[in-house]
Amino acid sequence: VWMSNKLSECVNDIAFLIASISCNEISNHWRDEILVAILLSEYSKTFFEKFEQQIIADNFRILKRILFLLRIACTDVSVENYIERTKPKGKGWQETIAIVYKYRQSFLEDNLKLILPILKDWTCSNKKGAATRQSGLLLLDILKKHESDTMFFIGRNIEETFFQVIYNSAQELKPELKEIFDKVVKNHWTDGRNPYVDFCSKILEKPYLAFDLINSLPLSVIQLCDLFWKKKPLPKDDFWGERDTMENRYGLADRFDFNYHPSSANQTPIKWLLNVAFHPTLDFIIAFTNQAVDCYRKSDLGQRDVKLVKLHVEKNEISQYICDAFWNMYRGTGSPVVPNVLQSMHMALERTLLDFAKIVEPEMLQPVLLKILTQSKSASLTSVVCSIVLAYPEKFYNVALILFKTIDFFHYDLIR
């Protein structure tokens with residue numbers, strides 16, 4: 001404490017103490033104490049500027065020690081939503097990240113496992129600022145190497161942390177990230193050998209890690225969902241052909257890494273997308289579902305159990321496809337079983353609409369329900385509307401009157 005206070009008073013008087021960091025005659029314990037005091041003080045910036053050469057000397061020996069000390073001695077405890085967590089403390093964090101960024105060409109890749117926890121801790125607590133942008137750029141530069149070097153890969157043991165730092169920094173990296181996503185969509189990069197596939201897949205696989213990115217670039221994430229979830233045409237020389245799966249029958253990609261089992265509103269990015277970009281996400285859900293059920297009705301199973309029903313909305317007659325699997329899609333039941341991604345998407349829509357129905361006026365939500373009824377070709381989305389009406393009949397009786405006109409809905413709802 002004395003050292004930290006003294007640092008803010010007079011730099012020259014304690015210069016000899018700073019020089020003692022490199023003195024072998026002083027025990028490691030006291031040298032660490034001096035470094036910690038500097039990192040916690042307001043003097044950190046001056047220290048890094050004045051003693052930069054000493055910090056990077058001897059293969060970055062002092063810098064490596066600083067990285068170690070930051071996590072064990074320069075943290076504080078905060079309470080968020082009744083959960084205690086540690087957060088960075090002191091100006092030394094920003095200055096350390098800045099010097100790593102400055103010497104990234106010679107330091108970063110060889111010491112990635114050492115710097116990665118520092119970047120994660122910082123970006124988890126600080127979503128904006130110069131240090132956050134530098135943290136994201138440090139790893140983004142490494143990630144971009146995959147474009148020119150197809151043999152480049154990030155170790156599986158650090159991959160999730162690596163990606164999370166970039167996701168956390170998304171608010172400061174919007175132009176750079178959008179450029180990457182635009183390339184992925186334009187070039188249809190979905191094969192494991194293509195650049196950025198693992199980076200994009202992780203957003204769809206574990207959206208809770210990428211909330212800041214979803215919040216910053218929702219339209220790009222919607223494009224990724226559309227690209228990665230839909231089945232790609234098989235090449236003409238493909239020896240194995242299509243697998244006999246429900247995903248193929250619905251025209252969906254059959255990828256092992258998108259494990260959305262068990263189905264849940266939280267499994268895919270859809271719930272987060274509905275909260276930050278409701279109408280574009282709703283348009284995507286309707287279009288995606290329409291295409292999926294259209295593929296299924298043409299399949300061997302679909303030709304046996306899918307039938308057409310008529311829905312009367314005002315003066316318009318709407319045709320929709322219905323079967324037990326469709327009507328129970330948002331419940332995760334029904335037979336034949338529906339792919340988890342579709343079930344999870346419907347669950348997220350129902351959860352969001354139920355939340356909205358609690359707090360908004362019926363006049364605001366009713367046009368949304370009518371839009372779903374009129375634009376959907378699938379009774380799976382109509383059943384979501386039915387769920388909202390059943391939960392709040394006093395608010396949406398006009399929508400209920402529309403549903404009452406189609407007797408088939410009663411039959412399928414009673415079966416469940």
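Analyst: Helix α15 (residues 218-229) and helix α18 have axes that come within 10 Å and cross at roughly 10°. Helices (H or I, at least four residues) and strands (E, at least two) are DSSP runs, numbered from the N terminus. Axes are lines fitted to C-alpha atoms, for helices over the stretch in contact, with angles from 0 to 180 degrees between N-to-C directions. The helices α15 and α18 are therefore roughly parallel (under 35 degrees; over 145 is roughly antiparallel, 65 to 115 roughly perpendicular, the rest oblique). Their crossing is right-handed (near helix turned clockwise from the far one by less than a right angle, left-handed if anticlockwise). On the α15 side, L219, I222, C225, D226 and W229 meet P280, T281, F284 and F288 of α18, where contact means heavy atoms within 4.5 Å.

This is a predicted model, in which local features need pLDDT of at least 70 and side-chain atom pairs count only at pLDDT 80 or more, while totals for chains, interfaces and linings use all residues. Residues are numbered from 1 along each chain as its sequence is written, and side-chain values use heavy atoms, with hydrogens and water left out.

Helix α18, which covers residues 278-297, also holds N290. With a relative accessible area of 10%, N290 is buried (under 20%; exposed is over 50%, partly exposed in between, with a 1.4 Å probe and protein chains only). Apart from neighbours within four places in sequence, N290 is in contact with Q375, S376, K377 and S378. At K377, the side chain of N290 reaches the backbone nitrogen at 2.7 Å.

The crossing of α5 and α8 is left-handed. From α5, the residues K64, L67, L70 and R71 meet L114, I115, P117, I118 and D121 of α8.

Because eleven of the 14 residues of α9 are buried, the helix is largely enclosed by the rest of the structure. Among the buried residues of α9 are A131, T132, Q134, S135, G136 and I142. Setting aside residues up to four places away in sequence, L138 touches V100, Y101, R104, L108 and L119. F326 is 188 residues from L138 along the chain, and their C-alpha atoms are separated by 46 Å.

In helix α21 (residues 340-359) sits Q343, which counts as buried at 4% relative accessibility. Beyond four places in sequence, Q343 is in contact with S263, M329, Y330, G332, T333, V337 and V338. The side chains of Q343 and S263 are joined by a polar contact of 2.5 Å (N or O atoms within 3.5 Å; within protein, one able to donate a hydrogen and the other to accept it, with residues adjacent in sequence counted only if both atoms are side-chain atoms).

K87 belongs to strand β2 (residues 83-88). This lysine is partly exposed, at 35% relative accessibility. Leaving out residues up to four places away in sequence, K87 touches C74, T75, D76, S78 and S125. K87 and Q105 are 18 residues apart in sequence, and their C-alpha atoms are 28 Å apart.

Some points concern the backbone. Most residues other than glycine have a negative phi, and most peptide bonds are trans. H261 and P262 are joined by a cis peptide bond with omega about -5°; P262 lies in the loop between α16 (246-249) and α17 (270-276). The peptide bond from S335 to P336 is cis as well, with omega near -5°, and P336 is in the loop between α20 (324-327) and α21.

Y196 has a positive phi, near 65°, in the loop between α12 (174-187) and α13 (197-205), and is buried at 2% relative accessibility. E314 also has a positive phi, near 55°. The loop that holds E314 lies between β3 (307-313) and β4 (316-322), and E314 is exposed, with a relative accessible area of 68%.
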